[in-house]
Amino acid sequence: MVLVVRSDLGLKKGKIASQCAHAAVLCCMRAASAGGDAAGRGKMLDAWLRQGQPKIVLRVDSLQELHLLTERAESSGVIAEIVRDAGRTQVASGTETVLGLGPDRTEAIDSLVGHLNSKVTDSCTLLQLEQ
């Protein structure tokens with residue numbers, strides 16, 4: 001799973017952590033509700049859970065980049081969930097803060113985000129599914 005944070009918002013570390021947690025939960029719920037769909041999301045979710053739920057946090061510089069990445073993910077069949085903030089602390093209600101991608105195959109995720117910079121250093125690897 002990859003979590004893509006908007007760096008243009010200037011969110012504090014705690015807010016980033018909270019928004020990333022929301023994105024991870026949304027993606028996990030989407031994968032779980034897909035069950036045994038044709039894309040094999042249920043199998044990918046199970047594998048991701050067995051591997052310790054690895055996540056990588058990356059950044060984009062604008063809302064436009066976030067939307068472009070969302071469109072590309074949806075076109076390729078990768079789960080894409082955008083977090084919209086409640087507006088109680090640092091940003092206005094409805095502000096799109098983080099995009100969650102996956103869980104999915106490493107190749108599918110990497111083809112979408114391989115060009116992005118890390119937001120935080122993370123030694124986790126993306127989901128490795130046996131072919």
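## The whole protein

The accessible surface of the protein comes to about 7,000 Å², and carbon and sulfur atoms account for 50% of that surface. Keep in mind throughout that this is a predicted model. The protein has 131 residues, and 44% of them count as buried.

Switch to a cartoon view. Four helices and five strands make up the secondary structure. Followed along the sequence, they give the pattern β-α-α-β-α-β-β-α-β. Now think about contacts between residues at least 6 apart in sequence: 71% of these join residues at least 24 apart.

## Stop 1: the largest nonpolar core

Select Val4, Leu69, Leu99, Leu101 and Val113, and show their side chains. In the largest nonpolar core, which has 18 residues, these five touch the most other members. Two or more residues of this core come from each of strand S1 (2–6), strand S2 (56–60), helix H3 (63–76), strand S3 (80–84), strand S4 (96–101) and helix H4 (106–113). Which element gives the most? H4 does, with four residues. As background, nonpolar side chains in soluble globular proteins tend to be buried together.

Setting aside residues up to four places away in sequence, Leu99 touches Val2, Leu3, Val4, Leu66, Leu69, Thr70, Ala80, Glu81 and Ile82.

There is also a second, separate core, made of 17 residues. To find it, select Met1, Ala24, Cys27 and Val57, which are among its members.

## Stop 2: helices H3 and H4

Select H3 and H4 and hide the rest. How far apart are their axes, and at what angle do the helices pack? The axes are 10 Å apart and the angle is about 150°. An angle over 145 degrees counts as roughly antiparallel, and H3 and H4 are therefore roughly antiparallel to each other. H3 passes H4 in a right-handed crossing.

To see where the two helices meet, show the side chains of Leu69, Arg72, Ala73 and Ser76 on H3, then those of Ser111, Leu112 and Val113 on H4; these residues make the contact.

## Stop 3: helices H1 and H2

Now select residues 13–34, which are helix H1, and residues 41–50, which are helix H2. Their axes come within 7 Å and cross at roughly 130°. H1 and H2 are therefore oblique to each other. The crossing here is left-handed.

On the H1 side, pick Cys28, Ala31, Ala32 and Ala34; these meet Arg41, Gly42, Leu45 and Trp48 in H2. Then colour the buried residues of H2, which are Arg41, Gly42, Met44, Leu45, Ala47 and Trp48. What do the buried residues of H2 pack against? They pack against H1.

## Stop 4: backbone details

Then select Gln53, in the loop between H2 and S2. Its phi is near 55°, a positive value in a residue other than glycine. Is Gln53 buried or partly exposed? Its relative accessibility is 29%, so Gln53 counts as partly exposed.

Jump to Gly102 and Pro103. The peptide bond joining Gly102 and Pro103 is cis, with omega about 5°. Pro103 lies in the loop between S4 and H4.

## Stop 5

Select Arg6, which is in strand S1. With 9% relative accessibility, Arg6 counts as buried. Leaving aside neighbours within four places in sequence, Arg6 is in contact with Val60, Ser62, Leu63, Leu66, Thr95, Glu96 and Thr97.

Finish at Asp85, in the loop between S3 and S4. Asp85 counts as buried, at 5% relative accessibility. Which residues is Asp85 in contact with, apart from neighbours within four places in sequence? They are Lys15, Gln19, Val91, Ala92, Ser93, Gly94, Thr95 and Thr97. Draw a distance line from Asp85 to Thr95: these residues are 10 apart along the chain, and their C-alpha atoms are separated by 5.3 Å.

Notes:
Residues are numbered from 1 along each chain as its sequence is written. This is a predicted model: local features need pLDDT of at least 70, side-chain atom pairs count only at pLDDT 80 or more; totals for chains, interfaces and linings use all residues. Side-chain values use heavy atoms; hydrogens and water are left out. A nonpolar core is a set of buried Ala, Val, Leu, Ile, Met, Phe, Trp, Tyr and Cys residues joined through side-chain atoms within 4.5 Å. Buried means under 20% relative accessible area, exposed over 50%, partly exposed in between (1.4 Å probe, protein chains only). Contact means heavy atoms within 4.5 Å. Accessible areas come from the Shrake-Rupley method with a 1.4 Å probe; for residues, only the protein chains shown count as cover. Axes are lines fitted to C-alpha atoms, for helices over the stretch in contact, and angles run from 0 to 180 degrees between N-to-C directions. Angles under 35 degrees count as roughly parallel, over 145 as roughly antiparallel, 65 to 115 as roughly perpendicular and the rest as oblique. A crossing is left-handed if the near helix is turned anticlockwise from the far one by less than a right angle, and right-handed if clockwise.
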